[in-house]
Amino acid sequence: MLSRNLRVAIVESDICWADKEQNLARVAEAMRRLPDDTDVVVLPEMFSTGFIADDADLAQQLAERGTGDTIQRLKAMANERSVAIAGSFLARTAGQLYNRAFFIEPHDDETFYDKCHLFGFAGEDKVYNRGFHEAPIVRFRGMNIKLITCYDLRFPVFCRNVDNAYDVLLVVANWPMARINAWRTLLAARAIENECYVCGANRCGTDASGVNYGDGTSLVFDFKGKCIVRRAEGSCIAAADLSPEALVRFRQKFPAWRDADDFKLSIKQS
């Protein structure tokens, strides 16, 4: 018997630049307004600070360990509402900086992922260390969920779903309006080619560098590439119900995954 639908709620924040306290307060407020029976809450990339890509001094000041205040407060929220929370934050390990994604489950289970594809166009690769591990897949409430970060979305081999290893691809991002058509197209493409749900969590507003992210660009696509996100008028929360039953039926009816090429992913070490 398949699990019930997985309800995903994306919190589309206008992130306050370098103000962790204000951003965490906004997340806490959004948590109080979640749709009933929400299972997974998805926050944008670097939700607590903004995408600080070219200021190493500021990044060092704001960076935290995975045991720091930001993650501890998210764990408390996850436990209180019995939801998983995903996103990314500015992390420090042994003095090195990382754009670190997280998937926090109730009862303090946690999974971290350091972004592999750093956005050199904005100087991210000059400030942060890249990760050298494949994006993780987490089993949560009956579905397998893969977690990637922003620029990772442009690399289909990195996202490739092998033998239906995952059912949902979560993409946490700060994707600007200047390239928003690519965002929509790539999200839909990853859904179609991998026969999975894809949830793209983007920020909104304009950051301190003057980059505009628009509004209402957080999207959810089903396995056919159809947008299924719902958003109440005036709300910062975009929600969707993901059906494991419908996904299995489609994969059985149209099993393109069986004809996929076999390969082994090799992540560049430099």
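**Reading the strands and the cysteines**

Author: Let us begin with one pair of residues in this predicted model: Val168 stands opposite Tyr197, which belongs to strand E9. Helix H6 packs on the sheet there, touching E8, E9 and E10, and the direction of H6 makes about 155 degrees with that of E9.

Reader: What holds strands of a sheet together, and in which senses can they pair?

Author: In general, the strands of a sheet pair through backbone hydrogen bonds, and the pairing is either parallel or antiparallel. Here, strand E8 pairs with E9 (residues 197-202) in the parallel sense over six bridges, and within that pairing Val171 stands opposite Gly200 of E9. To get from E8 to E9 the chain passes through helix H6 (residues 180-194), and this β-α-β crossover is right-handed. E8 also pairs in the parallel sense with strand E7 (residues 143-149), over five bridges, where Ile148 stands opposite Val171 of E8.

Reader: Which strands make up the open sheet of five strands, and in what order?

Author: The order is E6-E7-E8-E9-E10, and the pairing is mixed. At the edges are E6 and strand E10 (219-221), each of which pairs on one side only, and from one strand to the next the twist averages 20 degrees.

Reader: In which sense do E6 and E7 pair?

Author: E6 and E7 pair in the antiparallel sense, over four bridges, and Val138 stands opposite Ile145 of E7. The two strands form a hairpin with two residues between them, and in the turn Arg141 has a positive phi of about 45 degrees.

Reader: What is the order of the open sheet of seven strands?

Author: That sheet runs E5-E4-E3-E2-E1-E12-E11, again with mixed pairing. Its edge strands are E5 (110-114) and E11 (230-231), each pairing on one side only. E11 pairs with strand E12 (residues 237-242) in the antiparallel sense over two bridges, and the bridge partner of Arg231 is Ala238 in E12.

Reader: What is a disulfide, and how many does a search of the whole structure find?

Author: A disulfide is a covalent bond between the sulfur atoms of two cysteines. A search of the whole structure finds zero disulfides. Take Cys16 as a case: the closest cysteine sulfur, in Cys204, is 10 Å from its own sulfur, which is too far for a bond. Cys150 is in no disulfide either, and the nearest cysteine sulfur, that of Cys159, is 12 Å away.

Reader: Are Cys16 and Cys150 buried or exposed?

Author: Here the cut-off matters, because a residue counts as buried when its relative accessible area is under 20%. Cys16, at 17% relative accessibility, therefore counts as buried, and Cys150, at 9%, counts as buried too.

Conventions. Residues are numbered from 1 along each chain as its sequence is written. This is a predicted model: local features need pLDDT of at least 70, side-chain atom pairs count only at pLDDT 80 or more; totals for chains, interfaces and linings use all residues. Side-chain values use heavy atoms; hydrogens and water are left out. Two strands pair if DSSP finds at least two bridges between them. A crossover is right-handed if, with the strands pointing away from the viewer, the path from the first strand over the helix to the second runs clockwise. A disulfide is a pair of cysteine sulfur atoms within 2.5 Å. Buried means under 20% relative accessible area, exposed over 50%, partly exposed in between (1.4 Å probe, protein chains only). Axes are lines fitted to C-alpha atoms, for helices over the stretch in contact, and angles run from 0 to 180 degrees between N-to-C directions. Contact means heavy atoms within 4.5 Å.
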